[in-house]
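Thanks for asking me to look this over.

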Protein chains: 2
Amino acid sequence: MARTKNTVTIDDVARLAGVAKGTVSRVLNNYGDTSAKTRDRILQAVERLGYQPSSAARKLKRGRVDTLGIVLPAGDGEHADPFLSEFLDGIAQALDLSDRDLLVTTAHSDEHAVAVHDRLIRSRKVDGFIVTRTQGDDPRIELLLQRGFPFVAHGRTRNTGFAWYDVDNERAFLEAVRHVAALGHRRIGFLGGPTRMNFAIQRRAGYRKGLEEAGIAHDPALESTCELSESSGAEAARTLLRLDEPPTALVCVTDTVAIGAMGAIRALGLAIGRDVTVIGYDGLPVGAYIDPPLTTFSQSAHAAGARAARMLIDVIEGVDPLERQELVPADLVKRSSDGPPQKTPQELKESLAK
Amino acid sequence: MARTKNTVTIDDVARLAGVAKGTVSRVLNNYGDTSAKTRDRILQAVERLGYQPSSAARKLKRGRVDTLGIVLPAGDGEHADPFLSEFLDGIAQALDLSDRDLLVTTAHSDEHAVAVHDRLIRSRKVDGFIVTRTQGDDPRIELLLQRGFPFVAHGRTRNTGFAWYDVDNERAFLEAVRHVAALGHRRIGFLGGPTRMNFAIQRRAGYRKGLEEAGIAHDPALESTCELSESSGAEAARTLLRLDEPPTALVCVTDTVAIGAMGAIRALGLAIGRDVTVIGYDGLPVGAYIDPPLTTFSQSAHAAGARAARMLIDVIEGVDPLERQELVPADLVKRSSDGPPQKTPQELKESLAK
DNA sequence: TTGTAAGCGTTATCAC
DNA sequence: GTGATAACGCTTACAA
């Protein structure tokens, strides 16, 4: 079996420094009760041998692995979620500052996700979890709560007795509707996400509140649901545009969905931003480079990941989870996929009939 | 400190089953020398208590953690690499099948990357590494080779005495040039990647070979270099199009760069696929949804990740790394960003002057 | 077939 | 201040 040669242990350091290994340990863990002289000698030996404590041995004693875990939804090999990759990157960078690592796993279903969390808890491979894409009733969170295992959720659930970091989804979508209504739109469609996702529910609530605020009657036909992929967004957009009274604006649950919708709109021969306004959500970089650049709401996935990681570390170190709950606003990034309606819904319908 | 209550250990299982813990261990590790009766009793106890061996304790004894590591380039919070996220997803899924996990870290520079690998090796947190985005001379690979630590590279380097999985970059770019030359283009630009990256060198070599095969003289002015981001691709495209004799086709080192280039072309008032042909590389999903859909070469990042993970497991289990070297072809995905040149370079120049 | 006990590399509790 | 030494939870000779 391939093995590393000459692993250097605390005994090697102790021998080289001419002390007991207990002393080495105390120096390395800053007990501060060692004489400056032996301290230096030990530090030198550590340096010379390139000694690093074995995480396994340390864990065995301490009960801590300095590793956080995250269980991602398994992609199908076609739709890696750009939000998650930025989020991950944020976590990893925050962790780097605190000398901890991140264990990444995937799960292909809710039950599988629960099982994976369970396995990781029991095999004690992580000190805590970051849970993403929370659902209204989230079985992962139930498990974690019941086990008393540290975690931070990105997104809330019905139950909120834990640490979470969330974007004010409702407010963002209220503002999105307010924005397009101010542009003059009255037929405003909503391309929503799966309603088991809590953020999807919140965004839908914001959409409805926005309509109410604008004095527009809520038309269920304009409110659709799709998976978080481009193809699904395209399909949902086609469906809404086929209505007798099609929407002149589409508010989309994510940028990915919006990009799919844009593809569909274009395929129907319509001009985005003129015939049909599209608003996304996420602020993905790619949105700035497509045609026309996508107007969207931005939450920094990177910042969210970093902050969630930091919060989790606090919780692991004993901070009351209830003191780590943060709601942050998303900002409108005005680009060019929105504009005043150039056609009435009827005219839109006619131009589609051709 | 937040801790899990009542962790169940092998002793608990042994007690409940009324046997010695050694016996429990043997059953769990399939020594097959235990009587069916006690075996059942033990398995039942394991089931009832929900016992999972502590990874730390197991590691201490076995010298194996069943965890693979990957050190990603730290994004700047703006440009998460979609290729890497799909690649990660592929790894994670392959690992799930073998009950192993993935440790993800980031590094913000070459030296930092080496340091992180080193720390992970020494603290024995992983059994092996997957190295991505290899460079011609790769300090990470030097380190790993010197330490005799198991790894698989995604991409080759100058030295090839290790396990790797790579796409035939050179061939793909030769074919890209062949393709646009067949369409009638003679001024073919290249938006290359940083030449410290080995794949960037290979792709450039393919570009040059393609020119040669097509009987087109190599013009250094048409060969540029950029970072792997949209903005950098946009800038490089602008530079080439400002030449006195601008290219009518742009072969790009990645889809991300191509998308940036498309933005720049459009901003100059030119039609993609008619005035300027653009060819990408990676086959990112988003390429199908932008306008016009991007013609590209596709390698499945997901499959690559999964395969690399599997290869690494083999190497860790003792397979000779030299028996795990695989070169796979990339396939042309014909979409709509390419076409016969509608203008000569001179005409292109003139239309730009306006 | 099963029990006993030695260690894996740490940290922590004692004495000295 | 520092050195022994006992855990931590597991695997694996070796005995029985």
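1. A word on naming before the details: helices (H or I, at least four residues) and strands (E, at least two) are DSSP runs, numbered from the N terminus. Arg133(A) is not a glycine, yet has a positive phi of about 50 degrees. Its relative accessible area is 15%, so Arg133(A) counts as buried (buried means under 20% relative accessible area, exposed over 50%, partly exposed in between, with a 1.4 Å probe and protein chains only).

2. Some ground rules for reading the rest. This is a predicted model, in which local features need pLDDT of at least 70 and side-chain atom pairs count only at pLDDT 80 or more, while totals for chains, interfaces and linings use all residues. Residues are numbered from 1 along each chain as its sequence is written, chains are lettered from A and ligands numbered from 1 in the order in which they are written, and side-chain values use heavy atoms, with hydrogens and water left out.

3. Chain B shows a positive phi of about 50 degrees at Arg133(B), again not a glycine. Arg133(B) sits in the loop between strand S3 (128–131) and helix H7 (139–147) of chain B, and is buried at a relative accessible area of 15%.

4. On to the domains of chain A. The assignment gives domain 1 (10–53), domain 2 (67–167 + 301–327) and domain 3 (169–298 + 334–353); such bounds come from an automatic or database domain assignment. Taken over C-alpha atoms, the centres of domain 1 and domain 2 of chain A are 36 Å apart.

5. Strand S9 (residues 277–282) of chain A deserves a look, as six of its six residues are buried. Thr277(A), Ile279(A) and Tyr281(A) point one way from S9(A), whereas Val278(A), Gly280(A) and Asp282(A) point the other way.

6. What does S9(A) pair with? Strand S8 (residues 249–252) of chain A runs parallel to S9(A) and is joined to it by three bridges, with Val251(A) opposite Ile279(A). Strand S10 (residues 295–298) of chain A also runs parallel to S9(A), through four bridges, and there Thr295(A) is the bridge partner of Ile279(A). Two strands pair if DSSP finds at least two bridges between them.

7. S8(A), helix H11 (residues 255–267) of chain A and S9(A) form a right-handed β-α-β unit. Right-handed here means that, with the strands pointing away from the viewer, the path from the first strand over the helix to the second runs clockwise.

8. Please also check the loop between S9 and S10 of chain A, where Pro292(A) lies. The peptide bond joining Asp291(A) and Pro292(A) is cis, with omega about -10 degrees. In chain B, the bond from Asp291(B) to Pro292(B) is cis too, with omega near -10 degrees.

9. How are the two chains related? A rotation of 180 degrees with 0.0 Å of shift along its axis superposes chain A on chain B, with RMSD 0.1 Å. That is the relation of a two-fold axis.

10. Finally, the interface. The contact (heavy atoms within 4.5 Å) takes 68 residues from chain A and 68 residues from chain B. Asp101(A), Arg124(A) and Tyr289(A) supply 11% of the area that chain A buries against chain B, more than any other three residues. Buried area is the accessible area (1.4 Å probe) that two parts lose on being put together, summed over both. Because 100% of the interface residues of chain A are also interface residues in chain B, the copies meet through the same surface.

Terms used. Copies are superposed by least squares on the C-alpha atoms of residues with pLDDT of at least 70 in both.
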